[in-house]
Protein chains: 2
Amino acid sequence: MDKSDITFERMRTFVRVAERGNLSSVAGELGIGQSTVTRHLQELEEAVGVPLLSRTTRRVTLTDEGSRYYANSIQILRLVEQASDEVRGALGAPTGTVRISCTAAFGVLHTSRLLFAFQERYPDIGIDLSLTDERVDLVREGVDIALRLGPLTDSSLRLRALGLSRRLLVASPDYLAVRGRPVVPSDLSGHEGIRMSNVAGSETLALQAAGGERHMVPFAGRLRVDHGLAARAALVAGRGIAPAHRWLVDDLLAAGQLETILDDYSLPSVALNMLIVPERAGVARVRLLLDFLAEQIAGIPGIEKSISRR
Amino acid sequence: MDKSDITFERMRTFVRVAERGNLSSVAGELGIGQSTVTRHLQELEEAVGVPLLSRTTRRVTLTDEGSRYYANSIQILRLVEQASDEVRGALGAPTGTVRISCTAAFGVLHTSRLLFAFQERYPDIGIDLSLTDERVDLVREGVDIALRLGPLTDSSLRLRALGLSRRLLVASPDYLAVRGRPVVPSDLSGHEGIRMSNVAGSETLALQAAGGERHMVPFAGRLRVDHGLAARAALVAGRGIAPAHRWLVDDLLAAGQLETILDDYSLPSVALNMLIVPERAGVARVRLLLDFLAEQIAGIPGIEKSISRR
DNA sequence: CCGATTTATCCATTATTTGGCACAATCATA
DNA sequence: TATGATTGTGCCAAATAATGGATAAATCGG
């Protein structure tokens with residue numbers, strides 16, 4: 001291979017340097033000489049034809065071109081790994097890294113904890129967790145598994161139903177003390193609703209009585225947030241009433257910081273699903289985590305078995 | 001780098017071998033020894049952990065895993081190239097390969113010819129032409145430029161309007177001799193229409209009289225094809241009447257093999273657009289071809305300037 | 001303005017890669 | 001069926017490239 005040619009190895013060191021902003025520490029990390037790191041970068045830059053890093057003795061930063069090249073390099077290196085994964089399938093030992101995307105609030109409250117437990121059991125499997133409520137293109141982002149609440153629009157992805165997430169109307173005791181406790185659905189109209197801006201149709205609540213009658217009640221309020229944990233904080237702070245997933249507030253209910261209201265009525269549950277890129281479903285470590293999560297999540301309070309056709 | 005590590009070079013030789021099905025010719029092509037090719041393949045297979053090629057002395061074929069790995073390798077190598085392109089921008093000399101996707105019939109009749117002329121002028125620029133009427137994901141397929149007719153659904157792509165493609169009602173003289181020549185739109189109802197199965201709304205023709213009145217006439221027939229050239233062949237064979245892009249039949253009209261009918265009425269024109277992946281628009285060779293095509297296509301009979309806001 | 005820290009350069013050493021050649025396997029043809 | 005041409009593989013000495021420690025140069029904070 002030519003002295004100035006693009007190589008995975010050079011690319012890899014470039015990526016590490018870009019991430020750490022420091023050559024010598026990368027040398028240590030990769031177990032190579034520090035002069036080698038310098039040369040790798042020089043050779044890569046020569047091959048690309050553009051300076052990628054602006055280096056001073058104190059700091060190494062990406063140039064504009066460098067940061068674009070970095071983004072592409074990341075993707076390329078991931079693809080290289082995934083290409084091997086795909087043909088290796090379940091043959092290989094369960095090592096490597098699983099990338100998982102999860103809705104933010106659920107991830108903070110539950111998935112992260114489960115992942116720690118998973119790593120306890122399988123220390124050799126790396127985990128790369130990305131918490132966001134945005135719909136991501138799994139393939140493009142290199143994500144193996146995604147946990148999503150609600151209806152799914154994605155096609156071409158394998159799906160595993162984890163169950164239905166029970167929702168409850170909750171508020172803090174202080175709030176209820178001040179504003180009164182609703183006893184019939186229509187009482188809600190005078191109350192302060194905390195709504196989610198990224199959930200469609202949050203202006204109306206569909207309450208179902210124990211008998212079966214449906215009550216559609218308007219749901220208004222001055223606070224609207226786009227993050228479940230913000231809603232949680234608002235609830236604790238007594239800012240209003242919210243329809244909350246039970247997993248979001250279960251600990252607060254147990255601790256008495258929140259109370260459920262209108263217990264005789266129920267809110268529609270929301271499906272909790274796991275999305276898997278079909279090509280990645282065969283990889284040993286992915287399957288392992290898949291099964292682990294499915295099993296563990298079923299045990300979270302408020303997640304009910306759905307009538308699923310598996 | 002470890003002896004058994006995945007390398008661009010090994011990957012590249014693997015790809016070439018997979019494509020040619022032969023080690024020694026690849027050795028010649030890449031200017032390396034045959035034994036080197038053998039070793040590269042062995043090392044790659046060892047690194048991946050799966051046999052990729054089944055080799056006999058007479059033939060080298062991809063295993064199942066190999067062909068999947070091949071597809072990924074192609075993509076990776078393309079991304080590596082594109083990563084450099086992106087940061088190099090227009091700085092680099094116009095070399096390399098441009099990938100272009102084009103609707104099938106237009107590609108056969110016009111684009112290919114234009115591309116030959118382009119290569120005449122820029123011999124160092126390689127061209128990779130893919131003819132299909134399916135909508136392709138430009139980014140995923142690594143396509144730089146796409147030529148498409150009709151309305152566009154794609155977002156996030158830069159667009160360059162090339163003009164409006166004039167359409168005409170045509171049929172062969174024999175057909176018209178046997179079945180009669182329509183003189184008013186309603187005459188079409190008794191005729192045999194050749195329709196395109198991949199064009200929506202091909203069951204109705206919207207004819208506009210010179211005066212301005214619109215005539216919606218049903219358009220039926222026993223033959224439906226999914227390829228413009230098949231329609232063209234059917235027209236020549238006297239199988240019926242079709243609304244054809246002028247560029248599809250211009251030569252046949254000039255040669256007298258087809259005739260236009262209902263000349264006092266016009267069919268809605270269809271927009272002809274060039275789609276460009278924004279990240280690729282800065283690359284020297286892509287811009288060169290972009291401008292060349294835009295200029296040349298404007299000269300094709302039946303392509304009229306649209307009222308474009310550029 | 002100095003000192004500590006970090007990157008670049010140089011060069012002898014080490015490791016790896018290379019390709020020619022002989023050999024083995026395969027297929028076409030007589 | 002025998003034979004020859006073609007093709008992939010294994011082996012080895014030679015060539016090539018990669019490596020890292022020591023040194024020099026540069027930078028920034030105080």
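Predicted model: local features only at pLDDT ≥ 70, side-chain atom pairs only at ≥ 80, totals over all residues.

Modeller: Residues are numbered from 1 along each chain as its sequence is written, and chains are lettered from A and ligands numbered from 1 in the order in which they are written.

Biologist: What makes V26(B) buried?

Modeller: A residue is buried if 20 or more other C-beta atoms, placed from the backbone, lie within 10 Å of its own; 12 or fewer makes it exposed, and anything in between partly exposed. V26(B) has 25 such atoms within 10 Å, so V26(B) is buried. The residue sits in helix α2 of chain B.

Biologist: Which residues is V26(B) in contact with, leaving aside its neighbours within four places in sequence?

Modeller: Contact means that two C-beta atoms, placed from the backbone, lie within 7 Å. By that rule V26(B) touches T13(B), R16(B), V17(B), R20(B) and V37(B). I303(B) is another matter: 277 residues away in sequence, and 44 Å away in space, C-alpha to C-alpha.

Biologist: How many helices and strands does chain A have?

Modeller: Chain A has 10 helices and 16 strands. Helices (H or I, at least four residues) and strands (E, at least two) are DSSP runs, numbered from the N terminus.

Biologist: How does the radius of gyration of chain A stand against a compact globule?

Modeller: The radius is taken over C-alpha atoms, and the globule rule is 2.2 Å times the number of residues to the power 0.38. For 310 residues a compact globule would come near 19 Å, but chain A has 25 Å. The C-alpha trace of chain A spans about 75 × 45 × 35 Å along its principal axes. Buried residues make up 35% of chain A.

Biologist: How do you know which strands pair in the sheet β10-β9-β14 of chain A?

Modeller: Two strands pair if DSSP finds at least two bridges between them. Between β9 (residues 204–209) and β10 of chain A there are 5 bridges, and the two run antiparallel. L205(A) stands opposite V217(A) in β10(A).

Biologist: Why is one side of β10 and of β14 in chain A left without a neighbour in the sheet?

Modeller: The open sheet has 3 strands in the order β10-β9-β14. β10 (214–218) and β14 (265–266) of chain A are at its edges, each with a single partner strand, so one side of each has no neighbour in the sheet.

Biologist: What is the strand order in the open sheet of 6 strands in chain B?

Modeller: The order is β4-β3-β5-β15-β6-β16, with mixed pairing. β4 (125–131) and β16 (303–304) of chain B stand at the edges with a single partner strand each, so one side of each lacks a neighbour in the sheet.

Biologist: Why is β15(B) called largely enclosed?

Modeller: Of its 7 residues, 5 are buried, so β15(B) is largely enclosed by the rest of the structure. Strand β5 (residues 145–149) of chain B joins β15 (residues 270–276) by 5 bridges, running antiparallel. There L149(B) stands opposite L272(B). Strand β6 (residues 158–165) of chain B joins β15(B) by 7 bridges, also antiparallel. S165(B) has V270(B) as its bridge partner.

Biologist: What rotation superposes chain B on chain A?

Modeller: A rotation of 180 degrees, with 0.0 Å of shift along its axis, does it at RMSD 0.1 Å. That is the relation of a two-fold axis.

Biologist: How do you know that the copies meet through the same surface?

Modeller: 100% of the interface residues of chain B are also interface residues in chain A, so the surface is the same. The contact takes 23 residues from each of chain B and chain A. On the chain B side, α4(B) gives the largest share, 14 residues.

Biologist: Which residues come nearest to DNA strand C?

Modeller: Near means a C-beta atom, placed from the backbone, within 6 Å of the strand. Of the 22 residues around DNA strand C, the nearest are S35(A), T57(A), G33(B), S35(B) and R58(B). α3(B) gives the most to this surface, with 4 residues.

Notes: Least-squares fit on C-alpha atoms with pLDDT ≥ 70 in both.
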